[in-house]
Amino acid sequence: MLFRSLIAVGAARPLPESARRLLDRPLDELGEVDLRDTVVVLPGRRAGRQFLLELDEQAASDGLRVVPPRTATPSSLAALFASGDHRAAGAETWLSAIAACLQDPTAGLDGEAGLLPPGAGPLERRSLARRIVEADRAIAAADRGWSEVADMVMEMGGDDARHRAIETLLGAATRRLASVGLQSPEQVAAATIDALAGGIDPPESAPRRLVLLGVVDLSPRLQRLRSEEHTSELQSHSDLV
């Protein structure tokens with residue numbers, strides 16, 4: 001079973017109310033509210049920190065001891081379910097691999113694509129690499145690939161050269177990581193979601209309870225976790241919306 005329950009607390013509720021609802025569960029044998037089986041998905045890391053502070057303050061106000069839940073952003077959620085078979089590169093490592101390939105003559109980039117102006121330095125390469133990482137994350141979240149995007153651009157009469165060049169660049173950066181036994185974050189996320197959507201049980205360390213706080217809808221890629229195979233295992237608490 002993927003999740004024991006799906007609790008959509010929505011964006012309209014203030015953090016104190018959301019924290020109070022999470023704390024409303026039986027104490028364990030140690031007299032604690034144990035939320036280790038829960039992951040709270042929020043729009044950003046700062047929101048996650050704010051929520052954990054609010055949860056701690058609410059627990060102290062109620063005289064409760066609490067084992068806090070994990071927090072995640074939508075883009076980092078899949079990593080919590082990854083198996084030990086996949087070693088994901090850190091964000092900076094992935095960024096550096098892309099930046100390095102921008103100046104690597106063996107990466108196979110077409111100079112006509114104009115990804116960088118002539119004479120671009122390291123700051124320009126890292127800035128472009130960061131924008132590519134963000135775009136790649138958005139495209140992956142939509143459950144699409146760069147080739148599909150390039151095809152759509154071409155069908156609309158646009159120039160697909162830049163998108164094809166980015167696809168080539170990411171392929172070169174991926175091979176660079178593979179040479180040291182690593183995979184890109186999006187590769188690991190895709191493999192994890194494919195495995196879970198295909199019926200593979202998540203690892204024991206994975207969360208069993210999902211709370212969406214300020215994130216009303218999961219991305220198309222993450223929606224695949226709610227396949228027909230798992231729908232019967234999910235319970236939606238609409239009274240928390």
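Buried here means under 20% relative accessible area, exposed means over 50%, and partly exposed is in between, using a 1.4 Å probe and protein chains only. With that in hand, the buried residues of helix H2 are Gly48, Phe51, Glu54, Leu55, Gln58 and Ala59. Please keep in mind that this is a predicted model, in which local features need pLDDT of at least 70, side-chain atom pairs count only at pLDDT 80 or more, and totals for chains, interfaces and linings use all residues. Residues are numbered from 1 along each chain as its sequence is written, and side-chain values use heavy atoms, with hydrogens and water left out. Helices (H or I, at least four residues) and strands (E, at least two) are DSSP runs, numbered from the N terminus.

- Helix H2 covers residues 45-61, and its 17 residues should span 24 Å at 1.5 Å a residue, which agrees with end C-alpha atoms 24 Å apart. The expected span is 1.5 Å times one less than the number of residues in the helix.
- Viewed down the axis of H2, the buried residues fall within an arc of 135 degrees, so they line one face of the helix. That arc is taken over the directions from the helix axis to the C-beta atoms.
- On the face of H2 turned away from the buried side sit the exposed residues Arg45, Arg46, Arg49, Leu53, Glu57, Ala60 and Ser61.
- The cover over the buried residues of H2 includes helix H1 (15-23), strand S3 (38-41), strand S4 (65-67), strand S5 (70-72) and S6. Contact means heavy atoms within 4.5 Å.
- After H2 comes Gly63, with a positive phi near 70 degrees.

**Nonpolar cores**

- A nonpolar core is a set of buried Ala, Val, Leu, Ile, Met, Phe, Trp, Tyr and Cys residues joined through side-chain atoms within 4.5 Å. In soluble globular proteins, nonpolar side chains tend to be buried together.
- The largest nonpolar core has 26 residues, and Trp94, Ile98, Leu115, Leu169 and Leu170 have the most contacts inside it. Two or more residues of this core come from each of helix H3 (91-101), H4, H5 and helix H6 (161-178). H6 gives the most to this core, with 7 residues.
- Setting aside neighbours within four places in sequence, Leu170 is in contact with Trp94, Ile98, Ile132, Asp136 and Trp146.

**Leu128 in helix H4**

- Leu128 lies in helix H4 and is buried, with a relative accessible area of 3%.
- Not counting residues up to four places away in sequence, Leu128 touches Leu102, Leu115, Leu116 and Arg162.
- Leu128 and Ala99 are 29 residues apart in sequence, while their C-alpha atoms are 7.8 Å apart in space.

**Salt bridges**

- The structure holds 7 salt bridges, each a side-chain nitrogen of Lys or Arg within 4 Å of a carboxyl oxygen of Asp or Glu. Side chains of opposite charge can pair when their charged atoms come close.
- One of these salt bridges joins the side chains of Arg176 and Asp104, at 3.2 Å from N to O. Arg176 lies in helix H6 and Asp104 in the loop between H3 and H4, so the pair ties together parts that are 72 residues apart in sequence. Arg176 is partly exposed, at 36% relative accessibility.
- Glu148 forms a salt bridge with Arg144, with the closest N and O atoms 3.8 Å apart. Glu148 is partly exposed at 36% relative accessibility, and Arg144 is partly exposed at 46%.
- Asp160 pairs with Arg164 in a salt bridge, with the closest N and O atoms 2.8 Å apart. Shared partners join Asp151, Asp160 and Arg164 into one network of salt bridges. Asp160 counts as buried at 15% relative accessibility, whereas Arg164 counts as partly exposed at 25%.

**Two loop residues**

- Asp143 lies in the loop between helix H4 (122-141) and helix H5 (146-155). Asp143 has a positive phi of about 65 degrees although it is not a glycine, and at 30% relative accessibility it counts as partly exposed.
- Arg208 is found in the loop between helix H7 (185-197) and strand S6 (209-213), and counts as buried at 15% relative accessibility. The Arg208 side chain reaches the backbone oxygen of Ala206 at 2.9 Å.

Terms used. Polar contact = N/O pair within 3.5 Å; in protein donor to acceptor, adjacent residues only side chain to side chain.
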